[in-house]
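Here is a short note for a colleague who has not seen this model before. Please read the points with the structure open.

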Amino acid sequence: MAKYEPKNSFESPRFCGPRTFMRLPYIEQLDYNMDFVITGIPFDSGQSFRTGARFGPQAVRDFSILLRPYNVEQNINIFDYVSGIDYGDINVVPGYIEETYVNIEEAITEIVNKDIIPISIGGDHSVTLGELRAIVKKHGPVALLQFDAHSDTWDTYFDKKYNHGTVFRRAIEEGLIDVSRSMQIGMRGGLYGPEDLEDARNLGLDVYSTNDYKKHGVEAMLKQIHTRVQEGPVFLTFDIDFLDPSFAPGTGTPEVSGASIDDALAFVRGLEGLSFVGFDLVEVLPAYDHGDITAAAAANILYEFVTLVALAKKTKTKKEFQSVE
């Protein structure tokens, strides 16, 4: 069976060929020898301030050609264990969020029905609702692990039910999220009132501000994450505005005093052992990205997502081998 991995950059210069994530093959058909697929969701009609995240997937792909298959920090050659492709972009309907949700749900459903893990690049954060609708049909309600400056649990924004500020309230209302196992980390910035965060807690989410995690430290927070999430399917969503604007200026709603890229990578690397069934990274807005700083951060975080898939496959393979012995 075919195994899908990046081009060899010792044989083909990084600047040659079409831009795909990590120089993976661009394939529009799925097969059962794929462990993960990268897909873009270039929709930004749910943004409330700066628009332009529709160009985020390509900006991230453009930078990702610098990524290499051996992850030094995790001590694993990713493609010794997993096979993956760049599946291209889901067809969105600019200006029409509910129609776009239908397209996202259909595309992600096809992926998860083949037991492939979707790793999506937004787009604004509204796209996550379509992903969750598809994933839950396969796995049931998931634990949500959200790194973000904003809770995104408003009931309405501009009197509209669907946008990037309401996505997780809608997901909870639809029964897509197991709130007893879910966490939001990184909340910060001015609010319209204390209810903005209390609403999230009242919905059952475990909510930590950026100041909370900085006070406790990444390692202590990782212990809390593993204790809270435990066993069962997990969806990880990473809004790039979790990072301080000095590390990610290219985003739609930047908030000062955020996380460093070091802390962000430490968080994701520390999530080994959780049962991930899907990932996304959203809100990269290249028009405001100076020197590709934001795209660099986003590409490397996504690289760690792929590494988590590889580590899980390595652990599974080792257990199967031991059981045969």
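**Notes on the predicted model**

1. Ser-182 sits in the loop that runs between helix H4 (167-173) and strand S7 (183-187); helices (H or I, at least four residues) and strands (E, at least two) are DSSP runs, numbered from the N terminus. Its relative accessible area is 0%, so Ser-182 is buried (buried means under 20% relative accessible area, exposed over 50%, partly exposed in between, with a 1.4 Å probe and protein chains only). Beyond its neighbours within four places in sequence, Ser-182 is in contact (heavy atoms within 4.5 Å) with Val-142, Ala-143, Leu-144, Ile-177, Leu-205, Asp-206 and Arg-228.

2. Residues are numbered from 1 along each chain as its sequence is written, and side-chain values use heavy atoms, with hydrogens and water left out.

3. The protein has nine helices and 10 strands. Its radius of gyration is 18 Å, close to the 20 Å given by the globule rule for 325 residues, so the protein is as compact as a globular protein of that length. The radius is taken over C-alpha atoms, and the rule is 2.2 Å times the number of residues to the power 0.38. Along the principal axes, the C-alpha atoms fill a box of roughly 55 × 45 × 35 Å.

4. Of the 325 residues, 56% are buried. Among contacts between residues at least 6 apart in sequence, 78% join residues at least 24 apart.

5. How many aromatic pairs are there? The count is 13, where rings of Phe, Tyr and Trp (its six-membered ring) pair if their centres lie within 6.5 Å, and planes under 30 degrees apart count as stacked, over 60 as edge-to-face and the rest as tilted. In one of them, Phe-147 and Phe-267, the ring centres are 5.2 Å apart and the planes are at 50 degrees, so this pair is tilted. The pair links distant parts of the chain, as Phe-147 is in strand S6 (residues 143-147) and Phe-267 is in helix H8 (residues 261-269), 120 residues apart. Phe-147 is buried at 0% relative accessible area, and Phe-267 is buried at 0% as well. Ring pairs join Phe-147, Tyr-213, Phe-238, Phe-242 and Phe-267 into a cluster.

6. Thr-20 belongs to the segment before strand S1 (36-41). With a relative accessibility of 6%, Thr-20 is buried. Apart from neighbours within four places in sequence, Thr-20 is in contact with Tyr-26, Arg-61, Ser-64, Ile-65 and Asp-86.

7. Some backbone geometry deserves a look. The peptide bond from Gly-122 to Gly-123 is cis, with omega near 20 degrees; Gly-123 lies in the loop between strand S5 (117-122) and helix H3 (128-139). Asp-115, in the loop between H2 and S5, is not a glycine but has a positive phi of about 60 degrees. Asp-152, in the loop between S6 and H4, has a positive phi near 60 degrees and is also a residue other than glycine. Is each of these two aspartates buried or exposed? Asp-115 is exposed, with a relative accessible area of 56%, whereas Asp-152 is buried at 10%.

Methods:
Predicted model: local features only at pLDDT ≥ 70, side-chain atom pairs only at ≥ 80, totals over all residues.
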